[in-house]
Amino acid sequence: MYKVHLAQLSYDFKTLRNLMAKATPSRSGDYLAGVGAANNLERVAAQWALADVPLKQFLNEALVPYEQDEVTRLIIDEHDSIAFAPISHLTIGDFRDWLLSDLATTEVLTAIAQGLTPEMVAAVSKIMRIQDLILVAKKCRVTTQFRNTIGLENRLSTRLQPNHPTDNPAGVAASLLDGLLYGCGDAVIGINPASDNIEATLRLLHMLNEVIERYQIPTQSCVLAHVTTTLKAIEQGAPVDLVFQSIAGTQKANDSFGINLNLLNEARLAALELGRGTLGNNCMYFETGQGSALSANAHEGLDQQTCEARAYAVARKFKPLLVNTVVGFIGPEYLYDGKQIIRAGLEDHFCGKLLGLPMGCDVCYTNHAEADQDDMDVLLTQLAVAGNTFIMGIPGSDDVMLNYQSTSFHDALYVRQVLGLRPAPEFEHWLQQQGIFNADNQLLQKSEVPALFKASLQKLGR
Amino acid sequence: MSEHNDPAVISNSWASLKQFTPARIALGRAGISLPTRASLDFQLAHALARDAVNIPIDFSDLDLSLSLMGLQSLTLNTQAENQQLYLQRPDLGRVLSDATLACLQQTTTKPTDAVIVVADGLSSKAIQQHALPFLRLLLPQLNDYRLAPLCLVKHGRVAIGDAIAEHYAARLCIVLIGERPGLSSPDSMGIYFTYQAKAKLSTDADRNCISNIHNNGLSYEQALKKLMFLIKEAEKLQLSGVNLKDESTDTTTDNSPKYVNFLVD
């Protein structure tokens, strides 16, 4: 079925799952899992064979059995055959040509999104170069709303991430204010709590809510605790804007996270009931990342990029405000160096956007990865060119709680300046009103603190 | 880099907030970019963290110091033959190399109660700096135990202790290992304690971890207190891991001022 003859050699890849893994551009996690191509020729042979596979085949051959995996059932059961009809005759190779062509306009891509499965988009991404991934993603447009509008053309939003090693309220507030004064925080003000317990979560939820209300900031808050903790917080009357959860692309991996589709649905309904969104009700925030299923020993023989794309089917079901691929956090045993991290980030962004998700990226690395700030600048710039929805904003790139490096407030300003990108319109208006930005969205030249925050700082007796 | 006089650098008037957090806030800006000083500060921290991971461990000093204390030690290798392989294949860092295994099997083993394993992990620097001073405190506390030779492991992960403990039929397995370096803590050491460790069978759920041992983190004394508590309780309950709770007195390292959220309160 998946046979090819190249350079005097014959290859028979037997299953679609095997073919997908062998066709994947080289990365350490697939070798750790033992599914990667043995050499360059085998990889390119798999890519040739994959290009000949009809899109329809992905509806007939489940990569993880339907009976044993609820993510597969979700993908198959909710597939929209009417949306799929215009492209149903294409092979993966044809699909790449079609995506790059003028036939695939923004409107057309939006219309077919529900007809695409994660495996189809993962497959086509494997035979695309970085410029292809950028060009097609740039044509996709996904907008979402809660208290502001995320994902409009020529806008780039930021998650303000004011983490502190012990959740000290003054420490969180210090990073939060620093971020706001650098124009950061329109995607969400989102804290990773140092400890995942209900008391800490409640304290942070109330704190963020008070800040957003007091200063009338058109944004939303999130405390990135486990979904069950957030559900408890809702039960106790806490002001929950966005429900957070890490998700993965197999049922087994989600089991290891302590979640399933029912639980996510329950959490979404609970948050919707609070009715805290003013412009819209996209109330979920998901994080993903290549390698997470393998690290839970739950990859089901899939390559890590296909696993990742399947997580987007889970995300899509719950109409999230934001989806964040935390690309370099997992470490070098999954993505070894800057080259692998960069490609993975752009693949994830492409796959998410094509499936209709508000895709952002935590452009990041750990200190044991072969990566540095230069690599992050390359990925950040390429993602922004591709129309990435949001990035992280962390003081000086250094997350002092999670111990990794991500993008800084300065990075967001850089990429907005060189590419002419703006924050979400409601947040942009607020920044200008408070005198943080001028009418051209530049930080004001004076080093003074805007009037709104002066009183708070004066209390500290500076 | 005298930024105070540099007209190209706009400083931030809220620098006093640095008292509340180790985060890199109020860095100022050159245009919208990081000023030179802040940029080089970051590069310095990253260089230290990278070197902590990549500079190979040298056990010769530790070996010498231990022999001066009258203690036997062995230097062991894992199947992760080089640094690149070690970083990409955590599984290989959990298995002893064939040569090491053959070597171990040739040595006669006397009955033992405990084995101490020292492994480079992800920070050779942590081990170079903290292993010996900690061992000087720990060893006298273990006088009543029959100890296996100290095992110094290059390119080792936490679970390498399981195979070694099993070889010596040691009831207590104590692994000192270099932790993943952060920008602010390139030399952090961790201790993993496992009761009745078994190669390929023990999991993270069977271990207790004492993390963040470095000059600005947990002190040797605090770590020792925790470890001795865990050993005592493990002997009583005959287990370790998630069912063995660390109820030794709170040793929080948060010394930051207890201010509330100044933005609203």
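Between chain B and chain A, 43 residues of chain B are in contact with 45 residues of chain A, where contact requires C-beta atoms, placed from the backbone, to lie within 7 Å. This is a predicted model, in which local features need pLDDT of at least 70 and side-chain atom pairs count only at pLDDT 80 or more, while totals for chains, interfaces and linings use all residues. Residues are numbered from 1 along each chain as its sequence is written, and chains are lettered from A and ligands numbered from 1 in the order in which they are written.

**The side of chain B that touches chain A**

- Helix 1 (36-54) and helix 3 (83-88) of chain B each supply at least two residues of this side; helices (H or I, at least four residues) and strands (E, at least two) are DSSP runs, numbered from the N terminus.
- Helix 1 of chain B gives the most, with 6 residues.
- By class, the side of chain B that touches chain A has 25 nonpolar, 12 polar and 6 charged residues. Ala, Val, Leu, Ile, Met, Phe, Trp, Tyr, Cys and Pro count as nonpolar, Asp, Glu, Lys and Arg as charged, and the others, Gly among them, as polar.

**Domains of chain B**

- Chain B is divided into domain 1 (3-53) and domain 2 (57-237), with bounds that come from an automatic or database domain assignment.
- The centres of the two domains of chain B, taken over C-alpha atoms, are separated by 37 Å.
- Domain 1 of chain B brings 7 residues to the contact, and domain 2 of chain B brings 11.
- The side of domain 1 of chain B that touches domain 2 of chain B comprises 6 nonpolar, 1 polar and no charged residues.

**Helix 20 of chain A**

- Helix 20 (residues 409-419) of chain A is largely enclosed by the rest of the structure, because 8 of its 11 residues are buried. A residue is buried if 20 or more other C-beta atoms lie within 10 Å of its own, exposed if 12 or fewer, and partly exposed in between.
- The buried residues of helix 20 of chain A include Phe409(A), Leu413(A) and Arg416(A).
- These buried residues pack against strand 5 (157-160), helix 11 (169-181), helix 19 (373-385) and strand 12 (390-393) of chain A, together with strand 2 (29-30) of chain B.
- Gly420(A), whose phi is positive, near 65°, follows helix 20 of chain A.

**Helix pair in chain A**

- The axes of helix 13 (residues 227-235) and helix 15 (residues 261-274) of chain A come within 10 Å and cross at roughly 30°. Axes are lines fitted to C-alpha atoms, for helices over the stretch in contact, and angles run from 0 to 180 degrees between N-to-C directions.
- The crossing angle therefore makes helix 13 of chain A roughly parallel to helix 15 of chain A; angles under 35 degrees count as roughly parallel, over 145 as roughly antiparallel, 65 to 115 as roughly perpendicular and the rest as oblique.
- The contact of helix 13 with helix 15 of chain A has 9 nonpolar, 1 polar and no charged residues.

**Thr144(A)**

- Thr144(A) is found in strand 3 (residues 144-145) of chain A and counts as buried, with 23 C-beta neighbours inside 10 Å.
- Thr144(A) and Lys319(A) are 175 residues apart in sequence and 8.6 Å apart in space, C-alpha to C-alpha.
- Not counting residues up to four places away in sequence, Thr144(A) touches several residues, among them Ile150(A), Asn282(A) and Pro358(A).

How values were computed: Contact = placed C-beta atoms within 7 Å.
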